[in-house]
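Try each one before reading its solution.

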Number of protein chains: 2
Amino acid sequence: MNGQTKRWINDTTTTDSSCATPGAQSIRASAFNVWSSLTDVEAASVAAWLFSQTAFNLTGTEDAGEWDNSLLMIELMEPNKTDVLNYLDYGGPEPERYAHVIIDHRADVDPYYQDLLVPLPIQNGTTEAEFLTYPYTRKTNGQVRNLDASLDADWSTWMYNVTASILDITLDLWSGSALGLDNDTLDVWGIDPLMQDDGIIRWDTFWNLPTSEMDSGTLLPLGLFFKSNVTGRDPSLWTFDGWLYNDIFYPTTDASRAAYYSPGFEKLPANIDGSWGWTDQMGTPPPLDTVYPPLAIASSGSRYFTDADQQYVKWMDFEFYISFSRDTGMRLHNIKYKGERVIYELGLQEALAHYAGNDPVQSGTSYLDTFYGFGTYAFELVKGYDCPTYATYLNSTFYTSETTHTHIDSICLFETEGNYPIQRHSTSQYVAATKNIYFTIRNVCTVGNYDYMFSYEFYIDGSINVDVRASGYIQSAYFAKNQDYRYHIHDALSGSMHDHVLNFKIDFDILGTANTMTTTTNVPVSEVYPWSNGKARDTMKLQRTEITNEDEGKLDWNGNGATQFTVVNKDVTNAFGEYRGYRILPSSPTIHLTVLNSSNLVNAANWAKHDLFVTRQHDTEPRSSHPYQSQDVANPPINFDEFFDGENLEQEDIVVWANVGMHHVPHTGDLPTTLFTIAHSGLAITPLNYFETSPVKETVNMVRVDYGGGNTSNVVTFGQGVPACIVGDVESLVPDLSEYLGDSVVRKFPYDPNEPYYETDSIE
Amino acid sequence: MNGQTKRWINDTTTTDSSCATPGAQSIRASAFNVWSSLTDVEAASVAAWLFSQTAFNLTGTEDAGEWDNSLLMIELMEPNKTDVLNYLDYGGPEPERYAHVIIDHRADVDPYYQDLLVPLPIQNGTTEAEFLTYPYTRKTNGQVRNLDASLDADWSTWMYNVTASILDITLDLWSGSALGLDNDTLDVWGIDPLMQDDGIIRWDTFWNLPTSEMDSGTLLPLGLFFKSNVTGRDPSLWTFDGWLYNDIFYPTTDASRAAYYSPGFEKLPANIDGSWGWTDQMGTPPPLDTVYPPLAIASSGSRYFTDADQQYVKWMDFEFYISFSRDTGMRLHNIKYKGERVIYELGLQEALAHYAGNDPVQSGTSYLDTFYGFGTYAFELVKGYDCPTYATYLNSTFYTSETTHTHIDSICLFETEGNYPIQRHSTSQYVAATKNIYFTIRNVCTVGNYDYMFSYEFYIDGSINVDVRASGYIQSAYFAKNQDYRYHIHDALSGSMHDHVLNFKIDFDILGTANTMTTTTNVPVSEVYPWSNGKARDTMKLQRTEITNEDEGKLDWNGNGATQFTVVNKDVTNAFGEYRGYRILPSSPTIHLTVLNSSNLVNAANWAKHDLFVTRQHDTEPRSSHPYQSQDVANPPINFDEFFDGENLEQEDIVVWANVGMHHVPHTGDLPTTLFTIAHSGLAITPLNYFETSPVKETVNMVRVDYGGGNTSNVVTFGQGVPACIVGDVESLVPDLSEYLGDSVVRKFPYDPNEPYYETDSIE
């Protein structure tokens, strides 16, 4: 082709129409979303039935005291894969639905959390709940002890006695008090999990309360710690076991008081709230900062389909279903590419934040965040900030306190035009490039101080990227004598070193369920070749292995990234005889837990010990963690190590459990908040010999420019679309955040479908 | 604040004006760009002077034969840091400018490349060139032997004799010939570097030529290899040393011919060009693919400044100068943040692609790409594909063949609105988020088959990201018996395993030149605490070290990312007593070279053996590599190992040499081209305790939304700008690629400033 060709091959439309309004295209999912949340009616019927069963002896959550049983959760019990595949792949019936119920059984000197399974629909007279045991390695009737049962009112009373006993000191040191009064300026909280090897031990510490609405409380530790033995449910048997200040332990209040008032006692400074801990704009904006920055637009509307009823999404050649749970938030199911399932289930299992320090509160803290729940805290997204202006949104629901909450617009969907092409090549005659347009589904969960952003990205080459970012406030430490654990970041403040490790389940089904994890390692070798004249050459080659059984199933990324891990189906080769598969690798650096045999966790987070794991899929091993692991760390409901019992992994239905995460040694750049750009970790899941060529060639979002002689170009656009419309006022594209709502709540017991109402204050 | 506030605090403008035309704001750099390329006049004067000096005995490049001396390069000699700091920091004079000249001295039985230094301006009668020796560890008058001197015409003649000797076989196997004729359908080429330990040995192989303009030649190997001993300049002394086919070595043509025509000889299939190797669109576009995808716009214009004359750029609180060289393309200089220099020099040093295989061509290939040059191949960028539609562009120039080439629009500058915020935090009362607007300067260099995209990204927290992506065509291997080195990816084709390692110089100057590399490592410990009741607790802590001298200066990223590497100035602490510094870490996985003591490279790429290196800065050690390392791999001009001579590194001017790269075992997804999304590696350079708080707070591109009760919002926008304009026709925002030019060339000898002209065909 020579000379100047038409710039847009299909530029036949006029350009005076308004640009499309964003909004996903509608589609009907081909199957029922078997992972869909319970309907309001389902959840209400279960709640009503449970309350009707006197054996459960339930009290409404808002009325329940420390010695009352209450209902913690009613949610869909994830159906067994066996049943789901029978439905999806073999035309079998929809799997029967079960409610997963958790009862907080506190009307007992030995309180426990009770997992129950309730068949749906509720049929009065025939419905029977059963203990939910099969998904747990610990076979104790679905029961886990409850260490918190008396740590509400009883603990407050007891704790304020302690804090009152040193009121003179808190006033002297910090002009503050923690007495349970409205004018308290101090807060008291401490470790999680509680220490469990020698009775049930709490360590708590004093914190200044923030002086504004800003959430800076975790930046205000005061450096005085106390130990309480809270074993058992009788507060009169609890013991106060000592103070720690400036790295000195005082076994009694008398001893600490005597020291405090003795000459030369070193009083340490306080951490005081202020604008240094607030996120509001401060300081001189950089040059041109007030000019409106670039923004992305979707002038031709959205290019993906959703079935909001079935929580089904289809973008280009990808499609999947969404589920949403209290514990872990959003998960993806039955992810297909070009009509073939690649992943049966992809989702967060647990998130660990393991701290360390010289003080017992930092040393003793190892949050397992599903205890608090991710789904619970998936707030409405901030349009134009959390997601691009043109994103579309889905709601999510979760159960808590006898209500189903709806987080409006808490899941966003959007395409991004990467600022670089997905492929390009130049020669002296032509240049060819293809746009990198990728699709993201995202939610953000704020578990206390930290905001986790979970993004699943889909690419036109068939790749999936699991991306986790962390922002929000650090949990900081008092700076006294903790130099081996921190940087000193403010007046009397230090960052508190911690490891974030987040476990994801990736249930691969590569062209069927019979799959094998293979490795390919670059190794240096010294090798003589037929042509090398008898001389050995220092070079490299590939070493290949297979993970044949669960004894070999605990894996770490190799040093220097030398090993490729690829899940293949050995029964399915491509045209050139290579196993078709998907590779898994870090897309940005990941970690596993630094700590060996953690005293805090014992057996509660054995999934954090390596980078990735391969196990045989079992309906009885659906998850690597349980929200109440922290309640009995030595004997948690799920001891992940017990998944590894030597089972064959060659051409079996295998599950990969992979960790993302980061070591975090907070520094001044983490003030006031940690940055998503830095606290970032991800996994790529990418086709390897899955096709005979890259599907990237199928998109028309590419161009070839032929050139030569310096003044001639021939532009081939392959039938790509034209943004033939008028945007108009750019400001109109920017979401109006005055419509930000917070939370919608539907009360479920007593259930009145006619009165849904907003109740954002109820969110903790 | 309660109730509904005004959505945009400063929304006082009308919204009916047209959006700004992109284009960087103008600024005058405060200092002369001492790294700026030679002017046309400078380069021409040097060329004229060199040609006037009979001692150099120069012939014009286009006329020069194998026994003529010619001029390979005239470029600015990078000024010594000592002189530059005297100018920039102490008001001293502009450093004197020198031209760096390379002469290809071939009029000699022992040909060599000669590096010369010529003082500027040229003063006839007084100018004297000197051997350029000081930047090289090998002290041989700036001379490197030239192994290629007779590998042009003489080699062609010789090689076509070899290929003609088996014409019957090439016709029989591939219906093709390589005879140096216009109707040749075969190509012949082979290893780089040449083997040098036993004479000078070539291994070459046959390739099918592409059948279209598409650059698919590297996908068409044919599996027949031959060995030539090309020692010395007399082709009559060269020897033909054998054939290799199907992993069988035949020492003579007679032997291979006898085998070929013997019964049972296994003839292997050919790799045939076709659409499988072409990048043009093929196959069914995915659903909605022809709808125009999202695109980013800069409705309010560009928010950065450039001084195109001085190649100076300022974005927000960052500023820097650009230089451009033949060898390595774009480098950045004097990078300041908030007025303080952070990095004196940041730029590519060398790129290695080390292959391996069972055949001698793959096994013998270890490209050191500065031999070909990055600057030479930094073509015009494809607007809207290589960079967003609204990017602005700078030109770059480089010298080759007595001309200064100008690559028009070969450097792009732009901001990106990340599709996630840089920070956010939700509570039950408010949500706060800050946009992640970052700045990129980018160029793309296509060195033969591979397209390297180099992006330097700048963030509002003071971070810099060095980002390298690779696309283009793989160099593939013939598939016979090479199963230990590849996947089988097409008919008779395999990927050829290789390591990409790219070395970057990062000359940190953290608040002065006296800096120290420190490490902080997360280590598991078992520790008794004053409060732990005598019990040891399994936890972790930090272990800190300093890299005190060059004996400790070769470093690898620790397993599990356990070690933080931070360059600090120990004489400058922040308000809390921590050393101010910048940390360096992988932003996406990086590698160093797998091969140990590479037979191909010997001492030519010792910089590839570890992940990062720390050395003392010396004006005599400006670069880790030289473009002619390949000519004498055992004794290259720069043996990087010799930089390490035990010098003190504590509070000295230190340089970090850091590698990015990836292991690449090509699979079918690399057909037709490798993807930028997958072949990606990067380094983050990020402030650590550099300030007392994050500068992110200074931007107004943030929002706080107060909420509660479900229907009230208060939106605080901190004075941020409004995109108050009409975009109009979106199509008008999309660059017109029919203006893509290719290359502009200004001939320099004979020099006629009145006749610049386009000559894209001259680009190789």
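**Exercise 1.** In what order do the 3 strands of the open sheet in chain A lie, and how do they pair?

*Solution.* Keep in mind that this is a predicted model. Start with the order, which is 26-28-27, with antiparallel pairing. Next, find the edges: strand 26 (477-478) and strand 27 (488-490) of chain A each pair on one side only. Then look at how strand 27 of chain A is held to strand 28 (residues 493-494) of chain A: 2 bridges join them.

**Exercise 2.** Find A:Asp289 and work out which side chain of opposite charge is nearest.

*Solution.* First locate the residue: A:Asp289 sits in the loop of chain A between helix 5 (253-260) and strand 12 (295-297). Now check the charge: the nearest opposite side chain is B:Arg303, 4.1 Å away. A salt bridge needs the nitrogen and the carboxyl oxygen within 4 Å, so the buried A:Asp289 has no salt bridge. Its side chain does make a polar contact of 2.8 Å with the side chain of B:Thr699. Finally, list its contacts beyond four places in sequence, which include B:Met316, B:Glu698, B:Val700 and B:Asn701.

**Exercise 3.** Which residues of chain A does the UniProt annotation "domain: Copper amine oxidase N2-terminal" cover?

*Solution.* Take the range from the unreviewed UniProt entry: residues 46-105. Then describe that stretch of chain A: 28% helix and 25% strand, with the end C-alpha atoms 17 Å apart.

Technical notes. Residues are numbered from 1 along each chain as its sequence is written. Chains are lettered from A and ligands numbered from 1 in the order in which they are written. This is a predicted model: local features need pLDDT of at least 70, side-chain atom pairs count only at pLDDT 80 or more; totals for chains, interfaces and linings use all residues. Side-chain values use heavy atoms; hydrogens and water are left out. Helices (H or I, at least four residues) and strands (E, at least two) are DSSP runs, numbered from the N terminus. Buried means under 20% relative accessible area, exposed over 50%, partly exposed in between (1.4 Å probe, protein chains only). Lys and Arg count as positive and Asp and Glu as negative; His and the chain ends are not counted. A polar contact is a pair of N or O atoms within 3.5 Å; within protein, one must be able to donate a hydrogen and the other to accept it, and residues adjacent in sequence count only if both atoms are side-chain atoms. Contact means heavy atoms within 4.5 Å. UniProt positions are given in the numbering used here, feature names are shortened, and annotations may be inferred rather than shown by experiment. Two strands pair if DSSP finds at least two bridges between them.
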